[in-house]
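Subject: Handing over the model we spoke about

Dear colleague,

I am passing on the structure to you below, and after it you will find what I could read from it.

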Amino acid sequence: MDFMGRLAYRYRGTDPNHRDNIGLKQAMNNSIPLIYFFGIEKGHYLFTWPVFIVGDDPQNLTFNVSIEDMNSIGQKSSDLDEEFNEGRRKYVTTITLRRLHQQKFRSRVIKAYRNRCAVCRLRHEELLDVAHIVPDSAQGENL
């Protein structure tokens, strides 16, 4: 992420003219909302929608992606509410990344306990919940 709270999304390969990179440039130019899939683990993804391509950095072979909320679709931002829009974008990004972090944490804990409850050994993953014993802020990266 950059200092503006935007995600860096890598080009497909190293050719800026690859058809996928061209398609993302067109999505950026036309302000087309996209779905972003975050990899939690192999074959398990968390998605967020809508996201917009808001910048292109060919030297670093990346696009800048802004996470938005559904209420922003179709709205035009004016100079008067740019500060509000920036605050809203940062809030939405923070909430999304927190949700991503919690899903990764859950996945790692469930896997560590081999899909069983640590107390009663229940084997129904859909009924299991995980929790931090030590506050997340005190640990940094979990597991």
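Among contacts in the protein chain between residues at least 6 apart in sequence, 46% join partners that are at least 24 apart, where contact means that heavy atoms lie within 4.5 Å. This is a predicted model, in which local features need a pLDDT of at least 70 and side-chain atom pairs count only at pLDDT 80 or more, while totals for chains, interfaces and linings use all residues. Residues are numbered from 1 along each chain as its sequence is written, and side-chain values use heavy atoms, with hydrogens and water left out.

Confidence first. The average pLDDT of the protein chain is 80, and 79% of the residues score at least 70; pLDDT is the predictor's confidence in each residue, on a scale from 0 to 100. Confidence is highest in helix α1, at 96, and lowest in helix α3 (residues 136-139), where the mean is 56, so please read α3 with that value in mind.

Now the overall layout. The protein chain holds three helices and four strands, and from the N terminus on its elements follow the order β-α-β-β-β-α-α. Helices (H or I, at least four residues) and strands (E, at least two) are DSSP runs, numbered from the N terminus. Of the 143 residues in the protein chain, 29% are buried, a word that stands for under 20% relative accessible area, with exposed being over 50% and partly exposed in between (1.4 Å probe, protein chains only).

Two hairpins can be followed in detail. Strands β2 and β3 run antiparallel and are joined by six bridges, with G39 standing opposite Y45 in β3. Two residues lie between the strands of this hairpin, in which G43 takes a positive phi near 80 degrees. Strand β3 (residues 44-57) also pairs with strand β4 (residues 62-67), in the antiparallel sense and over six bridges; here I53 stands opposite V65 in β4, and V51 stands opposite I67. Four residues lie between the strands of the β3 and β4 hairpin, where L61 takes a positive phi near 55 degrees. T62, which is found in strand β4, counts as buried because its relative accessibility is 13%, and beyond residues up to four places away in sequence T62 touches Y9, R10, Y11, D56 and D57.

Helix α2 (residues 82-112) contains S107, which is counted as buried because its relative accessibility is 13%. Leaving out residues up to four places away in sequence, S107 touches I40, E41 and H44; the C-alpha atoms of S107 and H44 are separated by 9.3 Å, although the two residues are 63 apart along the chain. R99 also has its place in helix α2, but R99 is partly exposed, with a relative accessible area of 37%. Apart from neighbours within four places in sequence, R99 is in contact with L46, F47 and T48, and its C-alpha lies 8.9 Å from that of L46, 53 residues away in sequence.

Finally, the cysteines. A disulfide is taken as a pair of cysteine sulfur atoms within 2.5 Å, and by this rule the count is zero. The sulfur of C117 has its closest cysteine sulfur in C120, at 3.7 Å, which is too far for a bond. C120 is exposed, with a relative accessible area of 52%.

With best wishes

Technical notes
Two strands pair if DSSP finds at least two bridges between them.
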